[in-house]
Each structure stands twice: as C-alpha cells, then as structure tokens.
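Welcome! Take a moment to turn the model around before reading on, and then let us walk through a few of its parts together.

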Amino acid sequence: MSAPPRSSRRQRRVRRRRRASSLAAVALLALALGVGTATATQDQPVAVQLGIPLPLAAVPALLVLHPAPPPAPPAPAAAPVCRAAGPAAVRDHGTRRRRTVALTFDDGPWPSTPAILRILRRAHVHATFFVIGRQVRDRPATVARLRREGHAVGDHTWSHADMAAASAQDAAHELDWTRNAIARRTGARPCLFRAPYGSTNGRVVGAARRRGMVTVGWDVDSRDYTRPGTKQIVRTVLGSVRPGSIVLLHDGGGDRGETIAALPKIIRALRRRHYRFVTVPALLGLPADGQAGRAVQAAAGRNARLGGRTGAGDGEPLAQAELPGSPPASG
Ligand SMILES: [Zn+2]
C-alpha cells in the first residue's frame, strides 16, 4: 500500500477540522439551551418555559441530529409557567395598608357557580375560585367562563384531599392533575394553591411552590359551609374583614343558597366601607395566571402533534374518595 497522495491527506485533515468545529457548535448550542431552560421566565418561548428540550423549530440543526425528540417530560416537573413561587409560607392576607379585599370561593365548579358568577358580574367584582380537579373535568364550560370573566383560578386538589395526610406521590397527583385540567380549560396554569381544610405543612407548601404555585389561606372564614343563615354569614364576614383580607366562601360542596343570598349584601356593605375587590394574585402582587395562557395552549398542541404528553393530564386519580356530600369542615 502506498501512502495516500498529499492532496487526499489534506482533504482528510480539512474534513476532520470541519467535523471538530461542527461538534463544537453542537456543544455550544446544547450549553445555550441548557442555560435557557435554567433561567426560564415568562417572557421566554413556550418550550423553554416548560423546560421541554425543544426550541426545535428555532434550531433546525437539532432536528437533523435528533429527528425523534424525546416525549415531553410530565408538565409538573417542568419549569412552572408562573413565577409566583416566591414565598415559602402560606399567604393568608395581603398588605394591610390598602383597603383591598379578595373574595375567594372554594370547591367548585358546582351547580351554584353560575349564580355566583352572575352576582359578581353585575357588581363588577373579580374574585378567586379554588377549583377541584375532577369537577373541572366534569364542568369544563364553567371553568372556562371563570377565566373569561376575569376571575383568578387556583388549584384545590383533584379530589378535595387532605394534603398533609397524603403520601408525597398522592399529593403530587392531586396537584398535577388539577393544574393540568385547569390549564386545559382556561389556557393558563394556576399560580395559586389552596389546601382543602387548610390542611397543609412545609412539604405540601413546597410541592406547590415547586410547581410555581403560592399556597393561599384566608384570614376571614365566612363559615358558610355550616349554613348558619344568610344574616350570620354577612355578620361574620363584615365583623372580621380588614384591609388586605382574604375571605373564604364556597361556591361548591353543598347547597350554597345562603352564600348566594349573602354575597350581594357583603359586596354592598364592604363598598360602603370603601373596600375595593381584587383577585388574590392582585392582592398579593403575583402575576395574573392568564399571562401564560397562550404559551400553555401552544405547548399542549405541539405535544399532541408530537405524540408526547403534556403531563399526567386528566388521568384517573389514585384516590377515588368522593367529595364529601356534606360541606367540608373548612377550606
Ligand atoms: Zn375545599
């Protein structure tokens, strides 16, 4: 065998050099993508926000290198869409320096929810609804309406579970199924979580926080779930509201006739005291959960096209415990 001619050796050298530089380019690209995911913010493209390794459309070269992208990771583990995960503690009120108040309604969507929405719309009040995942599945139109009418929507678990008592895995499913169901119906992932019965601990707050959700409590309990009579509900609320209060009411979980009757009276009385009604995100200075709506929808569509999953989705919960027929003790 004779030595290859000089020209052929030069060609091989050039080829080697080209290969090396394209490898370096790929490495740089990978590095850039990694950094992008780590510093994801709301302003970044959907894919980066969701932590999916996919600015594929923006990087055709990657398509060639990885023609079959890995299925999207379950949404919950991915970068949360909203940046509300600041406080590590339960927030049960806003600033006491402004006469603002947040009305919150738990345990819907429920047959009584539209009546409450009508009252709020007539009074030009925006409120916050902590919804139960499997009811979101059953009443998708009502949930979409909440968002459309300017109310904030929070995660109240899939099955009204006692989160402090649940296993870590069950607690994760309770959060994830619900927020995915909300995202599917409203186009936005919730920034808020409220633990049923107010049953929470550091582990639960941390699990919500990792998903971009602030755990929200209340400082005014209307005790409407005890059905003490309309007058008493009004009296309880008006007797405890202070600037920055978060008021716990219920649109679901049982017969809400008293709450529906009390609501216009509460709104009128608080207005006379010069209170302004705001959503919980507005009260706490959090991003509105609608801000990322389009991003989530786009990602969901893309994942469907790729045959991937947007997350745990509306799968069946592990715990099938029925929502108590009687109203919850609280929360
Ligand atoms: Zn509840």
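Which exposed residues does the face of helix 6 turned away from its buried side carry? They are Ala-141 and Arg-148.

## Getting oriented

This is a predicted model, in which local features need pLDDT of at least 70 and side-chain atom pairs count only at pLDDT 80 or more, while totals for chains, interfaces and linings use all residues. Residues are numbered from 1 along each chain as its sequence is written.

The protein chain holds 12 helices and eight strands. Helices (H or I, at least four residues) and strands (E, at least two) are DSSP runs, numbered from the N terminus. Of its 331 residues, 44% count as buried. A residue is called buried if 20 or more other C-beta atoms lie within 10 Å of its own, exposed if 12 or fewer, and partly exposed in between, with C-beta atoms placed from the backbone. Among contacts between residues at least 6 apart in sequence, 80% join residues at least 24 apart; two residues are in contact if their C-beta atoms, placed from the backbone, lie within 7 Å.

## Helix 6 and its two sides

Back to helix 6, which spans residues 140-148. Its buried residues are Thr-142, Val-143 and Leu-146. Seen down the helix axis, these fall within an arc of 100°, so they line one face of helix 6. The arc is that of the directions from the helix axis to the C-beta atoms. As a general rule, an α-helix has 3.6 residues a turn, so residues three or four places apart point the same way.

What covers the buried residues of helix 6? The cover includes helix 4 (113-123), strand 2 (128-131), helix 5 (133-138), strand 3 (152-155) and helix 7. Following helix 6 is Gly-150, with a positive phi near 90°.

## Where helices 7 and 8 pack

Helix 7 (residues 168-186) packs against helix 8 (residues 202-210) at an angle of about 40°, and their axes are 10 Å apart. That makes helix 7 oblique to helix 8. Here, axes are lines fitted to C-alpha atoms, for helices over the stretch in contact, and angles run from 0 to 180 degrees between N-to-C directions. Angles under 35 degrees count as roughly parallel, over 145 as roughly antiparallel, 65 to 115 as roughly perpendicular and the rest as oblique.

On the helix 7 side, Ala-168, Ala-171, Ala-172 and Leu-175 meet Arg-203, Val-204, Ala-207 and Ala-208 of helix 8. Sorted by class, this contact has seven nonpolar, no polar and one charged residues. Ala, Val, Leu, Ile, Met, Phe, Trp, Tyr, Cys and Pro count as nonpolar, Asp, Glu, Lys and Arg as charged, and the others, Gly among them, as polar.

## A buried tryptophan

Look next at the loop between strand 5 (214-215) and strand 6 (220-221), where Trp-218 lies. Trp-218 counts as buried because it has 24 C-beta neighbours inside 10 Å. Leaving aside neighbours within four places in sequence, Trp-218 is in contact with Asp-92, Thr-104, Ile-246, Val-247 and Leu-248. Thr-104 is 114 residues from Trp-218 in sequence, yet their C-alpha atoms are 8.6 Å apart in space.

## Backbone details in the loops

Pro-109 sits in the loop between strand 1 (100-108) and helix 4.

Arg-223 is in the loop between strand 6 and helix 9 (230-240), and Arg-227 is in the loop between strand 6 and helix 9. Neither is a glycine, but phi is positive, near 55° for Arg-223 and about 50° for Arg-227.
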